[in-house]
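Morning, everyone. I have one model to show you. Let me put it on the screen.

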Amino acid sequence: MNLWAKSKSKNYRNDYTANGKCVTMRGMDKKLKILTYGCQMNVADSERMAGLLSTIGYTLTENLEDADLILINTCCVRGTAEDKVIGQIGRFKTLKRQKPSLILGITGCMAQKEGAELIKRAPHIDFVLGTGQSFEVAKVVESIERERNHFVDTSNVSGDIFTGEVFPIRGGQVSTFVPIMYGCNNFCTYCIVPYVRGRERSRKPEEIFAEVRQAVAEGFKEITLLGQNVNSYSGGMTFAELLTAVDKIDGLERLRFMTSHPKDLSDELIAAIADGRSICEHIHLPVQYGSDKILKRMNRVYTVEKYLRLAEKIRAAVPNVSITTDLIVGFPGETDEEFSETLNFLRTVKFDAAFTFIYSKRSGTPAAKFEDQIDDETKHRRLNELMAVQNEISLAKNLELVDKTVEVLVEGASKTDEKIYTGRTRSNKLVLFEHGTEKIGDIVPVKINQAQTWLVKGEVVDK
Ligand code: SF4
């Protein structure tokens, strides 16, 4: 199928949707700029909204000044993410004054959380669309083009999800995301996601397969299946079955997924990873903390012991697997003893890498009401200690790769040196090497000769 094939007409084009329907596009000269904050799910949603908006004539631009429509796809997982968005909205006031026809829309988690408040505070915003209504973005923009009205809809956080009707317009060249589900039912006490993304809704397997095939046809080598908790996928098959089915798609070189909740990671899934062809040997398994008392207050519903047994089981079944995690320090009530337990836990489990965060109080979550909040100085001190311990472990893990030859999927040139290419191993380690004739998207054998905390370096060897 010829996807997004342009006709010769100047202002109109014929394009084809995911199910092969031909649609005529209008007003080809309209420009769209999307600013995306937050997680991979937001990146995927932005690509999907770009696809939907292309059906009413918008093409992407890099340049803010050229844009007829600016979308800010927001995140509110941490206070800092919200502050950045507020700053950005303020800056667009001048742009809007210079170009009154400019449409400014706010989507994503912060749009869901703040709703009409955002327009009250910044009337130069044209529309606010909650996460359960993002799939309506093209209709909303068309109505604003006609009526020049303000529009807010955050009415149904667990509303319909994007369907496979229109394919996303993907950024990048080598790796891309395919969402398999939206929302979360877990209600960890620190987390705003269930309130701003609603309950779990799974996409149909056929839609997911069609999208993976389309991404492979576009030249993508690596797909990451996305969901807040992929292990509870319920689209008519288990997540392990879905993963195995996607693994069989011709032309797909690497298959990843995120994020997994430790409470739901099944033996069936571990077996699927071990037996998979393209399924990469990397599991991102957020533990969040290394002490049972805090895990309980976080409502994570597993114990440190259970997590350790799970990590052992994964390592026994999947050779050369890397396990990475997320950790939060400074959760309300955290004592020195509990923090020491967490450092010991890190030394025991030995993660390949950890994304470490300071607890951020999110209003509307149960933990925001806990009285024993930790002061900023203690939070920062503990974060530094935690990072120092993990950095040592990450370096030791990377040193294990020295003198080994690994398969690297080439992602592009290094930002600081064009002679150097960057890529990733199947276990998701970042690799730097001096390139010769290799091309972006190639998979090349690289012998590792140097290790650092966050990356390894090596040279291409003969196949
Ligand atoms: S599993 Fe917990 S941390 Fe993850 S999105 Fe759901 S509520 Fe948030």
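**Helix H11 and its surroundings**

I'll start with the packing. The buried residues of H11 pack against helix H10 (292-297), strand E15 (322-329) and helix H12 (336-349). Keep in mind that this is a predicted model.

Which residues of H11 are buried? Val304, Tyr307, Leu310 and Ala311. Around the axis they cover an arc of only 125 degrees, so they sit on the same side of H11.

A quick check on the geometry. Helix H11 covers residues 304-317, which is 14 residues. At 1.5 Å a residue, it should span 20 Å. The end C-alpha atoms are 20 Å apart, so the two figures agree.

Next, the whole protein. How many helices and strands does it have? There are 13 helices and 21 strands. The radius of gyration is 23 Å. For 463 residues the globule rule gives 23 Å, so the protein is as compact as a globular protein of that length. Along the principal axes, the C-alpha atoms fill a box of roughly 60 × 60 × 45 Å.

Two more numbers. Of the 463 residues, 43% count as buried. Then the contacts. Take those between residues at least 6 apart in sequence: 72% of them join residues at least 24 apart.

Back to H11 to finish. One side holds the buried residues, Val304, Tyr307, Leu310 and Ala311. Over to you.

Methods. Residues are numbered from 1 along each chain as its sequence is written. This is a predicted model: local features need pLDDT of at least 70, side-chain atom pairs count only at pLDDT 80 or more; totals for chains, interfaces and linings use all residues. Helices (H or I, at least four residues) and strands (E, at least two) are DSSP runs, numbered from the N terminus. The radius of gyration is taken over C-alpha atoms; the globule rule is 2.2 Å times the number of residues to the power 0.38. A residue is buried if 20 or more other C-beta atoms lie within 10 Å of its own, exposed if 12 or fewer, and partly exposed in between; C-beta atoms are placed from the backbone. Two residues are in contact if their C-beta atoms, placed from the backbone, lie within 7 Å. The expected span of a helix is 1.5 Å times one less than its number of residues. The arc is that of the directions from the helix axis to the C-beta atoms.
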